[in-house]
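Good morning, and thank you for coming.

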Amino acid sequence: MTITPDQDLTPIPTVDELAGEFTAVADRLWDAPELRWQETASMRLQAETARQHGFTVTEAVGGIPTAFSAEFGTGGPVIAFLGEYDALAGLSQESGALAPTPDPANVTGAGHGCGHHLLGAGSLLAAVATARTLEASGLPGRVRYYGCPAEEAAAGKSFMVKAGAFADVDAAITWHPFTRMVTRQMEFLAYTQAYFSFTGVASHAGSAPEHGRSALDALELMNIGINFLREHIADDARIHYAITDSGGQSPNVVQAHATAYYIVRAADVRQMRELYERVLHVAQGAALMTDTVLTVEFDGASSHVLPNVVLESVLHGHAARLGGVPFDAQDIAMGERIATTYESERIAADRARSGLPSSDRSILDSTVPALITSVPRHREHGSTDVGDVSWVTPTVQIFSPCFTLGAPPHSWQWVTQGKLPAAHKGMIYAAKVMASTATTLITDHVTLARARAEYADVTSATPYDSPIPDGVIAPPNR
C-alpha cells in the first residue's frame, strides 16, 4: 500500500507531544550512567517506558540480560529502531561545567561521553511516535525497538545478531548524537578485542632471578613488538591497548602474571582478521622469548557498516524538509563558552566537513548538508556494532548535532553538554527524522522493496561473515 499525498501520516506532531517525557528519560539515563553489560537500571527504565506506551516487551534478547526488544502493531513490515544506553568509565562530569568537574551526585564514576543516553531515549521516542501514527491510521505494520547494551568496546549488537535477534526485521533505523549533521552513512572500521594474559613464575628478583619467568617482561615485549608492527599496517588500521594487570607492585618479585586488553581495527572484517593474526603472532613470540604461557580471551568484535543508498535518500529527504536543528541564542552562547575549552583547529575542521564556508563562525551546526553521492564516504576511524545489523537487514543512520562543533567524543566536553537544551533539541530532531523515515517504509512498499533489493545485491556477492567466532558467548554469560 502506498499512501496518497492527501493522507497526513506525519509523526512529527507526535514527537513534539512526547518530547518532554523522553528528554526526561534521557536525563535520567545521564544521571545514573552504567557501563557495558551492567546497564540493568537503564534497561528497566526504557523497557518500562515502552510498556507504558503499549509495547510488548521481550527481555534478555539473544540471551543477554541487559538487552530487550519492544514491539507494537501487527502485520505489515517490521521496522526496527536501535537504541543504546551504556556509558564510559571515568567520565563523571557535572552538567554545564566548563572544566573537568566530577558530578558530585554520580556514584558510578562513569559518564555518557558518547551520548548514548540521548541515543536510547531518542530512538525509543521515534518508535513510540511511529507506533502512534500507525495506530491512528489503522495501517498494518510492526514497530520494534531494540535496547542494545555494550556498544562501547564490547559489541552487544554483534552478539544479538549472532543469536538471530534481527532475523525477521525488514529494515533498521538508528542515529547517533554528534557535532554536525550527517545523513550519508560514514564508514567505520571493523574491530576485534581480546585480553592477552601471560603467566610466568614468581621468584626473588635479587637473589634468585634465574628461577623467575616474568609475565610483565612478556607483556612489555608484546607491546614493543606491536609498536614496531604499526609501521607496517594500512593507514586506516588501528591498534590500541590498556594494561589491566601489571603483575603486582613489588619490583623485587618477578611478576608471575600480566594482562593487556587489545583492540584491533581495520577497514573490513577480512583485513581486521588478518591484522589480528599478526598481533597474535607478536604475543606468541613474546611468550616464547620469556618462557611464559600465553592465554587469549576473545571479548567482542563488530563488522564495518554496509550503507544503503535507498534508505539514505529517504532519510535525507525528511531531514531536508525539516531543516536543521532549531538552536537558539542561549544554545549558541553556551556553546561558545564550551568551545573555549578545546582547540580552534578542531572547530574549523568540523565546519569544513559540514560544508560550511570558511567565513562561517557557527559553533552549533544547524544546517542539513546536501546528499552528495559522487564523492567517497567520509571515514571515521572508530567502530560501531551497528555494522553487524547492517549486514543482516537494510540499515540507515542519521548523525544529529547535539554538541558543539569540534567537541571531541569520549571527553568531558561531551558529557557536560549531555543534559543541555541543545542536546535535547538534537535528539528530538533525530527522532522526527527517524519516525518519518519509518512511516515512509511502512506505507511505501515499493521504496522498502528497493532498499531490500539493494541490500540483497550486495550480500549475495559478499555474504555476512560474523566477526564473533562460533561458540563464543557474550561476556555477561561467561
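The second largest pocket is lined by 18 residues. Those nearest its centre are R184, R353, A370, V375 and H378. Please keep in mind that this is a predicted model. The volume of this second largest pocket is about 420 Å³. Its lining consists of nine nonpolar, five polar and four charged residues.

Let us turn to the largest pocket. How much space lies in it? The figure is about 1,200 Å³. A total of 48 residues line this pocket, and C114, E152, G382, P409 and H410 lie nearest its centre. By class, the lining holds 24 nonpolar, 13 polar and eleven charged residues.

Which elements supply at least two residues each to that lining? They are strand 5, at 171–178, strand 7, at 238–245, strand 8, at 257–266, helix 9, at 344–353, and strand 10, at 395–401. Strand 5 provides the largest share, with five residues.

I come now to the helices. Two packed helices are described by the angle between their axes and the distance between the axes. Helix 7 covers residues 309–322, and helix 13 covers residues 445–461. Their axes come within 7 Å and cross at roughly 140°. On helix 7, the contact is made by V309, V310, L311 and V314, and on helix 13 by T447, R450, A451 and E454. This contact comprises five nonpolar residues, one polar residue and two charged residues.

Thank you for your attention.

Methods. Residues are numbered from 1 along each chain as its sequence is written. This is a predicted model: local features need pLDDT of at least 70, side-chain atom pairs count only at pLDDT 80 or more; totals for chains, interfaces and linings use all residues. Side-chain values use heavy atoms; hydrogens and water are left out. On a 1 Å grid over the protein atoms alone, a cavity is a set of points where a 1.4 Å probe fits but cannot get out, and a pocket is an open set with protein on both sides within 12 Å along at least five of seven lines; lining residues have an atom within 4 Å of a point. Grid points are joined across faces, edges and corners, and a volume is the space filled by probe spheres set on the points. Helices (H or I, at least four residues) and strands (E, at least two) are DSSP runs, numbered from the N terminus. Ala, Val, Leu, Ile, Met, Phe, Trp, Tyr, Cys and Pro count as nonpolar, Asp, Glu, Lys and Arg as charged, and the others, Gly among them, as polar. Axes are lines fitted to C-alpha atoms, for helices over the stretch in contact, and angles run from 0 to 180 degrees between N-to-C directions. Contact means heavy atoms within 4.5 Å.
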